[in-house]
Amino acid sequence: MKSNVHVITEVAVMTAVMCVLGPISIPTGLVPISLTPFAVFLAAYILGMKKGTAAVAIYVLLGIAGLPVFSGYQGGVAKAFGPTGGYIIGFILMALISGVFIDRFSGKIYMQVIGMAIGLAVCYAFGTLWLKYQANMPLSAAVAAGVFPFIGLDAVKMVLAILIGRPVRSALIRAGLLTGTAQAKTGSC
């Protein structure tokens, strides 16, 4: 019973963090600059694949239900399935893939970065194809609008998530507050 309460609490706290960070954005045309990728990377890094993906999925469901947790303090079905909806749904895949690498390669930051980059690329692909479809634009225009302007910023968000997530995860494990997580060797590369 205690373990279930801990797991629910861990996922709920990270979902809340995403709900606070996700809406913070700068409008830049069709696709805004948002803190959501940072929050997704942080969830996957701190909680690992299963719980991190659960937190992201709950965040997405809360947004679909109408809570203003998506970029620009928006929510609802129209936002979730509008031109940027593919990126929103892609965040779940991003957390899943990133989490697999974070869990599997707990002591190898370079492998975690590779996994996070693959997760981001899958999110970009899913989001860009949806943007192309929804905005009725050529693929090259969708890539120009939804990928190229964000690569550098998202790389910075990835590094920040590692710099913040690594010591937080390690401290939570040492304190016995992070359940169901392999005793990661977060201090080595």
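Q: How do you know that helix α2 falls short of the span of a straight helix?
A: A helix here is a DSSP run of H or I with at least four residues, numbered from the N terminus, and its expected span is 1.5 Å times one less than its number of residues. Helix α2 covers residues 36–64, that is 29 residues, for which a straight helix would reach 42 Å. The end C-alpha atoms of α2 are only 15 Å apart, short of that value.

Q: On what basis are such values given?
A: The model is predicted, so local features need pLDDT of at least 70 and side-chain atom pairs count only at pLDDT 80 or more, whereas totals for chains, interfaces and linings use all residues. Residues are numbered from 1 along each chain as its sequence is written, and side-chain values use heavy atoms, with hydrogens and water left out.

Q: Where does α2 bend, and by how much?
A: The bend at a residue is the angle between axes fitted to the seven residues ending there and the seven starting there. At Gly48 this angle is about 135° for α2. Just after the helix, Gly66 takes a positive phi of about 115°.

Q: Why is α2 described as largely enclosed by the rest of the structure?
A: A residue is buried under 20% relative accessible area, exposed over 50% and partly exposed in between (1.4 Å probe, protein chains only). In α2, 21 of the 29 residues are buried, and the helix is therefore largely enclosed.

Q: What makes the pair Lys51 and Glu10 a salt bridge?
A: The term requires a side-chain nitrogen of Lys or Arg within 4 Å of a carboxyl oxygen of Asp or Glu. The closest N and O atoms of Lys51 and Glu10 are 2.5 Å apart, and the pair qualifies. Lys51 belongs to α2 and Glu10 to helix α1 (residues 2–21), so this bridge ties together parts that are 41 residues apart in sequence.

Q: Are the two partners, Lys51 and Glu10, buried or exposed?
A: Lys51 has 10% relative accessibility and counts as buried. Glu10, at 9%, counts as buried too.

Q: How many salt bridges does the rule give?
A: The count comes to 3. Among them is the pair Asp103 and Arg169, at 3.5 Å from N to O. Asp103 lies in helix α4 (residues 85–104) and Arg169 in helix α7, so the pair joins parts 66 residues apart in sequence. Asp103 is partly exposed at 34% relative accessibility, whereas Arg169 is buried at 2%.

Q: Why are Val156, Val159, Leu160, Leu163, Ile164 and Val168 called a patch?
A: A patch is made of residues with over 30% relative accessible area and no salt bridge, where like charges are joined within 9 Å and nonpolar side chains (Val, Leu, Ile, Met, Phe, Trp, Tyr) within 5 Å. These six form a nonpolar patch on the surface, with about 490 Å² of accessible area together; areas come from the Shrake-Rupley method with a 1.4 Å probe, and for residues only the protein chains shown count as cover. One of them, Leu163, lies in α7 (residues 151–174) and counts as exposed at 57% relative accessibility.

Q: Which residues does Phe126 touch, and what counts as touching?
A: Contact means heavy atoms within 4.5 Å. Not counting residues up to four places away in sequence, Phe126 touches Gly86, Ile89, Gly90 and Leu93. Phe126 lies in helix α5 (residues 109–135) and counts as partly exposed at 38% relative accessibility.

Methods: Helix = DSSP H or I, 4+ residues; strand = E, 2+ residues; numbered from the N terminus.
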